[in-house]
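Please look over the two chains shown here before reading on. The paragraphs that follow are meant to be read with the model open beside them.

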Amino acid sequence: MNLHCDKRENGDFAFYIDGDLQFDTADEALYHESLVLPAMSLAQLAKPDNLRVLICGGGDGLALRETLRFPGVVHADLVDYSEAVVEWGRTRFAEINQGAFEDSRAHTHIGDAWDFLADAGSYDAIFCDFTVPRCAEDTRVFTRDWYERIQRALAPGGIAAFNAVSAQYALDAFWCVEKTVRAAQLHTRPYRVCIPSFRAQGYGAWGFLLAAHRPIKQTALRNLECPIPTRQAEMSGLWRGAQFSRAERLRGKSAPVHTLEHSVLLPLILNPDLRGSKAQGGVASPDQYNLEPLVSLIPIVHSCHTRTMIETLAEQVIGSVRALDLRKLTDALLERSKELPGELIAELRRLRDFLSGIGSGIAWLSQWSRRLFVALVILMTLANAVSPDSAFGKGSFGSGHGGISAGHASVGRGYSSFSGSSGFSSSGHASGGSFGGKSGFSGGAVGRTGGSFSGTRGLGSSFGTRGSAAHGPLISRPVITSTGFRGGYGSGRPTDIYGRSYEPRTFIYVHSSGGGYYGQGANPVSNGTEGKPHQALFMADADMLVMDNGDILVPVSETGYLLVVGGTVSLYSKSSPEPLLALYPDARFFQNIAVQLEGQQAQAQFEIKARRDWLSWVGWTSAMASSVRDDETELRNLEDLDRRLTEAQKHLVLPPDDQPPSSRQNSTDVELFLDCVLTQDDRIAFRAPDDHWLHTDGKRLRTEQETTSGQGRVCPPALTALLKSVMDKLSKELAADSKSFASDLSQAQQERTTIQKDLAEYQRIYSAGGDSSESVDYGTEEISVSNAINRTQNDLAVNQQDIDAAIAGASKADSDAQRIMQARQTFGQ
Amino acid sequence: MGFLAGLVLYGVGATRSPYEWTTPVWITLAFFVVPVLVGLVNGAVVKLPRNGAEGFRIGLRSGGWAMFLYASASMMWAHYRVGYNGNTGGVLLVGLVVAITYALIAGVVAGCVCALLIGRRTKSTEQNTE
């Protein structure tokens, strides 16, 4: 590790580790306050006193200094593997870290933070202040496994803050870190800050992450009140750095998760533009020997490698090969043979004889050499994509760097207005659900989100993680990143297509013979067999399970589920193996399930083929290699899954798709789950297989005719209990939705005020100068004032749309929640 | 020349995985057809006089390296598509063992063919001289 201080005449200095800028005294407070103060302020809100703090990295003591400014901190551990950095922190940097290491609350540990966290206790605030990874080993403390350790060490109510990577020039890497933190079961709030010295180094806006067990609302940042004074950071404006445009967020959706097994972060950091250059480039025909596009595709895998270095190397090799004329070379050497030793002369003569004997010229050698070089470049490109660390040798880190220029203007507003023209749109909350449709399948309900399957709201995008499949450096990536198919699958633990295992889920049921309670004039239908326990084998989606017998099961609440099999849909309660009701088999519902199963099966087949190919090479070594045996197990389980998915699709039996539309098209209905709605008179209506509707008030269950006559049967207690649980679940989700909408509304309104202020400022500058080309600071870029005015006006329009959407959403959620609350009372406690 | 011929032929073979070729076909191609062709090319172009041992070494090197490169690249590709690499060291070791074993087999076949051809050419040259 190379440590270097670059001192300037005015006494300021910059600190570098292996050539990477760590801090510059001119603006280090901005960096460290931005990292530490938001998290500490939020942690102190939850627990004002007796705060325990852990700092991983940060051996310079500057983050430690910031944490110790909080009087509530009673204990602060700092763990850094570099004794040298900590030593500099104690000595050279003692003045700027205000002797933080001498504080009685500070406890310093030299060692691996990874190991330290294994035995660490619980902390109210955890900070990771690591250097940016420059080799594969460095990325270990950015993996999901690392963040899982953090998650375990974080006290309830605690908060963590991570120094990430550039959120401007390595946006994919930044989102990769963010997604990795989320994969460790932590809620995140990403934000970015412009550090002038970082900017001068070409790092761009710097990214940070807040993480906690609970969601961190943007309003928490907006309303952040730091109990201690700041020197450079402007806490009141920090929330603007947490604004990301829709385009940026979309890039985040496709970011992969970085794990020990599936290391993806380093290529993203080192090749921020590789995807773009691939799109523009294209490989020329090898016959033309145009290697430039090919060379440009070689990913950089080491911080000591640069694009220029690769291109220069390639040019030199190509030039050497083209210019090579061994015959002339030997002739020239022999002309001066008197100056050479006798043995060498003899050797050169042999070489000349050899060259004259192998053909009329050596043009073919040059030609074939170039072709060989093309082949080698292709091989290296491929090898580099497969195993970056093996393809290029690692050089030692250089320490060369340019000194940064003095003068750090515009510290104050550096981090504001990152959002760009579309950056004010509020987050798309409450969307998602099994198939992401906002309208549901029944057509009877209006605006229910994700109600199609289960009435589950806000579960997130069911297919969201598939996005990572398109994120490989060169080709589409496999999706299995966990070991579920090597162990959990088939042993009672449902596994998803990514190989993640979940808690065992067992359901006891008998298949419906088409009726259920109130079906075909029969009372609770029994086919005369005891209910059999069936285990969930595969989790096709958060709301869809494939059972060990190929049945499809869609949970609707904690106690109820839909069984979808043989072209029928039946509602079951966990308390009874008998179906409670048969429901209308909506063709779109079935089709969507079929599409989902087909997609997952296609992915499983891709994985199977990949493993078969691999094992066709190495299968015979299974007796001596455990990893190959694991691969074989995984292949067997995937083949089993493929069979089960085929079976499940056969079991499904799609209904004809020329079904009549639902007879209920009432916009006041609130959808609970598939073809089950809460009507305006606080009853719940089900669409029966014969396309008629059954109604219940929790006491009686009636057909539409019986509703007018007042007759009907007693509603089974299990059905009433199930409906109550569905309503309870929905109430909670609606309350969360409402809160989220209110938060969005508040945020959008505050944004509006800020945007209006910005607009007024731009207009003032415009009218004062009269020069429309005058540059103004529009967040991360300087643009002309007229352009800034246009963009800001556009921001205002988008903001208004957000406000309208939030108002409409909140109104609908509140109205639905009220309706459900009333119905819940009707159904009794 | 033999090495280049081997690379080209194995390159054609690499369009499908061993699994897709089916095992008997792949074994025939990888350990017999291509090495024999490599040996023949080497045996045909190499300058005489050479003895059988030299011919065997030439064939072994050409066929072996061609197979080694083919096997290594194919396995890297195959494992990349598998994705999960919890035991990188183990996987690398397995890959190396497989590539070396296959390279030895292909190299020995190519070497034998090359040595035989050189022997025949030598014999034929001697007869012509006589």
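This is a predicted model: local features need pLDDT of at least 70, side-chain atom pairs count only at pLDDT 80 or more; totals for chains, interfaces and linings use all residues.

Residues are numbered from 1 along each chain as its sequence is written, and chains are lettered from A and ligands numbered from 1 in the order in which they are written.

Chain A holds 23 helices and 27 strands, where helices (H or I, at least four residues) and strands (E, at least two) are DSSP runs numbered from the N terminus. Of its 829 residues, 45% are buried; a residue is called buried if 20 or more other C-beta atoms lie within 10 Å of its own, exposed if 12 or fewer, and partly exposed in between, with the C-beta atoms placed from the backbone. Two residues are in contact if their C-beta atoms, again placed from the backbone, lie within 7 Å, and among the contacts in chain A between residues at least 6 apart in sequence, 69% join residues at least 24 apart.

Strands β1(A) and β2(A) run antiparallel and are joined by five bridges, with His4(A) standing opposite Tyr16(A). The two strands form a hairpin with five residues between them, and Gly11(A) in its turn has a positive phi of about 95°. Strand β2(A), residues 13–17, is mostly covered, as four of its five residues are buried. It also pairs in the antiparallel sense with β3(A), residues 20–24, over four bridges, and here Tyr16(A) stands opposite Leu21(A). In this second hairpin, which has two residues between the strands, Asp18(A) takes a positive phi near 50°.

Further along, seven strands of chain A form an open sheet of mixed pairing in the order β6-β5-β4-β7-β8-β10-β9. Strands β6 and β9 of chain A stand at the edges, each with a single partner strand, so one side of each is left without a neighbour in the sheet. The twist averages 15° from one strand to the next, where angles run from 0 to 180 degrees between N-to-C directions and axes are lines fitted to C-alpha atoms, for helices over the stretch in contact.

Which residues of helix α3 (residues 83–90) of chain A are buried? They are Val85(A), Val86(A) and Gly89(A), and because they cover an arc of only 100° around the axis, they lie on the same side of α3(A); the arc is that of the directions from the helix axis to the C-beta atoms. What covers these buried residues includes β1, β5 and β6 of chain A.

Strand β13(A) pairs with β14(A) in the antiparallel sense over four bridges, and Ile508(A) has Pro533(A) as its bridge partner.

A further open sheet has six strands in the order β20-β21-β22-β23-β24-β25 of chain A, with antiparallel pairing. Strands β20 and β25 of chain A stand at the edges, each with a single partner strand, so one side of each is left without a neighbour in the sheet.

Chain B has five helices and zero strands, and 43% of its 130 residues are buried. Among its contacts between residues at least 6 apart in sequence, 85% join residues at least 24 apart. The axes of helix α3(B), residues 23–45, and helix α5(B), residues 88–129, come within 7 Å and cross at roughly 40°. Residues that meet here include Phe31(B), Phe32(B) and Pro35(B) in α3(B) and Val109(B), Cys112(B) and Leu117(B) in α5(B).

Definitions and conventions
Two strands pair if DSSP finds at least two bridges between them.
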